[in-house]
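Reader: I'd like to learn how to read aromatic pairs in a structure. Could you walk me through an example?

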Amino acid sequence: MNTFLWIKIFLAISAGIVVTEAGFKIFSDCKLSGIAYDEHLGWRLKKNYEMEMKDERNPEKSKRRVSFNSRGFRDKDHLVEKDGITKRVMFLGDSYTAGTAYSNDEIFTSVFDRMLNAKTGGLVKYEVMNVSVPAWSTDQQYLYLKREGMRYHPDYIFLIIAPNDIRETYGKKFFSIRDGHLEEKGASSIPSKTRLYWALANYSCVFQYLQSKLKKQYGSFSNVFQYFPISFRVGEEMCNDKHLFLKEVPDEIIAARELFKAILLEINRLCKNNHCKLLLTIIPTKIEYDGSLKEERYQPGKIAQYIKAIAEKETIPFLDLGFNLEAEEDDPLKIFIAAEYHLNEYGHAFVAKKLLPFFTRNQ
């Protein structure tokens, strides 16, 4: 078979693939994966990704626009350099801060941005950066800061902590403590075939269709956690969030806390060395208010107390949003999505409203 014929066959196959892919994108309800593999951080959001989500509670309402920037974050793009009057406020967090159930302008970082800049009256320009990724924990946030984040010269860093950061940081084993010192191992490598399938889930509607028929999950968090586990054994059980609130703290949770603390102190040291100020905030979790921890052996608020003690010792400003929630809301569950555990629209507004005076006091 001559070379010309091979070229014709290749072009015909390529054209067929392109036409089929285009057809799926036009005529099917194609949902590409928004989770992209990252060899250094494990994963981040897919770069330049955009989707529309229906508001199930208000079918008549316009769809919510959800988009990620060219770095794979829930934000607009930012130049590395900044002008002389700009102060940068960088938010690091997980799915609570990324807020992928709500449109870009509804999440609390955007609400905080508008409130903060309105308050200054233009005398100072604040540039707010949201570099949060669902299921990221403190280890990945530290790695991001070291590898990429500090290039943006943030003046303030908000570390938005969820209690499950302690569990997930210990489970992934990107870091460990050896002889009293923090040791970096980094993200574990994943098989080349998995990387390929994951990339196809990010870009190919045909692949996503075939996945649905074969019941595969490449590009999903189930697939992510297969290679980057976010739990560990506590006695005979796998650790879940309730274990973090036990009054009598198991040895495994003590070890997880110590690793979290070591990374937190490294983040604070990194901030000091780069002339920025670290601000700590803990997000309250739904299980602290919905009766999940009503047994005597649990103590709601325990993780907030643990982090507060670290913050006071290291003189890091700390905001306990759970304290504000209990003091100001008759029904703390009001800030959460009814069907799951993330912040709802009211919750995002509540968090932004509490962050503003905390930030103002600690400039």
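This is a predicted model: local features need pLDDT of at least 70, side-chain atom pairs count only at pLDDT 80 or more; totals for chains, interfaces and linings use all residues.

Reader: Happy to. How many aromatic pairs are there?

Author: Rings count as a pair if their centres lie within 6.5 Å. By that rule there are 24 aromatic pairs.

Reader: Is the pair of phenylalanine 174 and phenylalanine 228 stacked or edge-to-face?

Author: The general idea is to look at the angle between the planes, where over 60 degrees counts as edge-to-face. Here the planes stand at 80° and the centres are 6.0 Å apart, so this pair is edge-to-face.

Reader: Which parts of the chain does the pair link?

Author: Distant ones, 54 residues apart. Phenylalanine 174 belongs to the loop between helix H5 (164-172) and strand S8 (175-178), while phenylalanine 228 is in the loop between helix H8 (221-227) and strand S10 (233-234).

Reader: Is phenylalanine 174 buried or exposed?

Author: Buried means under 20% relative accessible area. Phenylalanine 174 has 1% relative accessibility, so it counts as buried. Phenylalanine 228 is buried too, also with a value of 1%.

Reader: Which residues form an aromatic cluster?

Author: One cluster consists of Phe91, Phe108, Phe112, Tyr126, Tyr156, Phe158, Phe358 and Phe359. Tyrosine 126 is also the bridge partner of lysine 87, in strand S6. Strand S6 (residues 125-130) runs parallel to strand S5 (residues 86-92), joined by 6 bridges, and 5 of the 6 residues of S6 are buried.

Reader: And which charged residues lie over a ring face?

Author: Arginine 257 lies over tyrosine 306, at 4.5 Å from the ring centre. Lysine 334 lies over the face of tyrosine 346, at 4.5 Å from that ring's centre.

Definitions and conventions:
Residues are numbered from 1 along each chain as its sequence is written. Side-chain values use heavy atoms; hydrogens and water are left out. Rings of Phe, Tyr and Trp (its six-membered ring) pair if their centres lie within 6.5 Å; planes under 30 degrees apart count as stacked, over 60 as edge-to-face and the rest as tilted. Helices (H or I, at least four residues) and strands (E, at least two) are DSSP runs, numbered from the N terminus. Buried means under 20% relative accessible area, exposed over 50%, partly exposed in between (1.4 Å probe, protein chains only). A charge sits over a ring if NZ of Lys or CZ of Arg is within 6 Å of the ring centre and within 35 degrees of the ring normal. Two strands pair if DSSP finds at least two bridges between them.
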